[in-house]
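Here are my notes for you, in numbered points. Have the model open while you read.

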Amino acid sequence: MSEGVSLAAARRIALAAQGFGKSHPTTVTRRNLVGVMDRLQVLQIDSVNVFERSHYLPVYARLGAYDKSRLDQLAFAPGSGYLEYWGHEATFLPVDMWPLFRWRMDQFRAKALSDKGGWASDRSVFLDWLRQELRDNGPMAASEIEHEANTRRGPWWGWSDVKVGLETLFRWGEVVSAGRAGFERRYGLAEQMLAPEILDAHVERSEAIRELVLRGVKAHGLGTLDDIADYFRLPSAEARTALQELEDAGSVRRVSVDGWERRGKAREVWIDPRAKRPRSIRAEALLSPFDPVVWARDRALRLFDFHYRIEIYTPAHKRVHGYYVLPVLIDDKICARVDLKNDRQNRRLLVRAAWAEPTADADTAPRLAELLRRTARWQGCDTIEVENKGTLSQELSALMSADRDYELQ
């Protein structure tokens with residue numbers, strides 16, 4: 001019979017595995033940043049900058065205020081030990097993981113080239129030309145490549161054929177990220193950018209998936225098959241096979257979690273045997289919509305009883321909670337959500353809405369207020385303005401109004 005784990009214990013295990021529950025360092029060093037990136041394995045990239053770009057937020061949630069340029073040096077600089085690939089969605093990941101996704105690169109290539117009449121099949125000569133451009137000139141952004149096809153098609157978000165070609169070669173593993181400039185990705189040939197031990201490493205698909213599954217279990221602390229497979233977007237059937245092999249080897253164990261039943265039957269859950277099991281978690285954190293703690297919405301619902309949807313693409317009159325809404329983690333619960341905007345021109349942090357969750361305690365508003373003060377300082381804002389929207393907004397506004405350091409609406 002498998003071990004039973006309470007829901008509260010499962011939350012604490014999951015949060016500890018994600019790096020929560022530790023005191024923030026006084027000064028965030030490169031070692032601290034590497035520790036977070038290596039613990040999470042992937043930092044998801046998203047271009048929305050209404051408050052802050054997504055990849056900066058998981059680090060802030062775990063370490064507190066830090067110099068973002070230090071993370072840029074790790075994430076963007078060629079040879080830093082990190083690069084970009086489709087690890088979950090578009091993500092930063094340690095360069096030593098790149099060979100573990102060779103099977104995905106091969107799969108992308110095979111699918112694209114099997115589509116006779118498809119984009120890649122019809123442009124083999126053009127792709128050869130792009131390869132040669134990078135070979136001759138070294139890493140380049142799409143905008144730096146001169147070609148008649150380098151014209152955006154359709155609306156402002158449309159990609160040119162040059163951009164599509166570079167992204168195609170990127171997905172196939174022939175091209176890798178070579179840093180960013182103004183958040184525009186630069187591309188370099190893998191043969192020129194990667195060390196031979198990375199470029200030439202061959203990992204069988206089954207072995208790679210087994211290693212990714214193991215890393216997914218460690219990053220989650222514990223999780224269902226869907227949770228673990230989703231961490232690196234792995235095929236469920238192959239992830240299940242890998243879990244069985246890892247269980248047989250003693251690398252993972254099977255448990256059950258109270259309240260995770262489906263149709264009256266306990267779900268299968270796997271745990272990292274070495275996962276920490278803290279009795280309590282002390283934390284205050286703003287979670288990016290793409291933080292691993294909440295990026296799988298079903299898991300967030302099971303762990304925190306937190307129903308979360310991003311409303312960026314929802315028409316304004318149909319939004320419930322706001323435009324760029326961040327879950328607020330307080331200790332081991334998600335107690336609130338806030339819709340934030342950074343008014344950089346006027347150095348204001350705007351709280352467009354603040355909502356209490358059913359799990360909110362009496363100290364939720366005071367702790368959120370202090371978290372927002374720290375966040376404003378990190379973002380270089382001089383003032384915080386709380387708009388009158390949401391069940392927590394009035395209490396939060398009153399707390400902010402009592403603080404002479406901040407001018408409040």
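1. α15 is followed by Gly380, which has a positive phi, near 75 degrees. Elements here are DSSP runs numbered from the N terminus: helices are H or I with at least four residues, strands are E with at least two. Bear in mind that this is a predicted model, where local features need pLDDT of at least 70 and side-chain atom pairs count only at pLDDT 80 or more, while totals for chains, interfaces and linings use all residues. Residues are numbered from 1 along each chain as its sequence is written, and side-chain values use heavy atoms, with hydrogens and water left out.

2. α15 itself covers residues 364-378, and its end C-alpha atoms sit 21 Å apart, in agreement with the 21 Å that its 15 residues should span at 1.5 Å a residue (the expected span is 1.5 Å times one less than the number of residues). As 11 of those 15 residues are buried, the helix is largely enclosed by the rest of the structure. Buried means under 20% relative accessible area, with a 1.4 Å probe and protein chains only. Among the buried ones are Arg367, Arg373 and Trp378.

3. What comes just after α11? Gly221, with a positive phi of about 85 degrees. α11 (residues 205-220) has 16 residues and reaches 22 Å from first C-alpha to last, close to the 22 Å expected at 1.5 Å a residue. Its buried residues include Ile209, Leu212, Arg215 and His220.

4. On to the sheet: it is open, with 3 strands in the order β2-β4-β3 and antiparallel pairing (strands pair if DSSP finds at least two bridges between them). The edge strands, each pairing on one side only, are β2 (43-44) and β3 (82-86). β3 is joined to β4 (residues 90-94) by 5 bridges, and Leu83 has Leu93 of β4 as its bridge partner. Helix α2 (residues 30-40) packs on this sheet and touches β2, β3 and β4, its direction making about 25 degrees with that of β3. Contact means heavy atoms within 4.5 Å; axes are lines fitted to C-alpha atoms, for helices over the stretch in contact, and angles run from 0 to 180 degrees between N-to-C directions.

5. α2 also meets α4 (residues 68-76): their axes come within 10 Å and cross at roughly 55 degrees. That makes α2 oblique to α4, oblique being what is left after under 35 degrees (roughly parallel), over 145 (roughly antiparallel) and 65 to 115 (roughly perpendicular). The contact is made by Arg30, Leu33, Val34 and Met37 of α2 with Arg70, Leu71 and Leu74 of α4.

Technical notes:
Buried means under 20% relative accessible area, exposed over 50%, partly exposed in between (1.4 Å probe, protein chains only).
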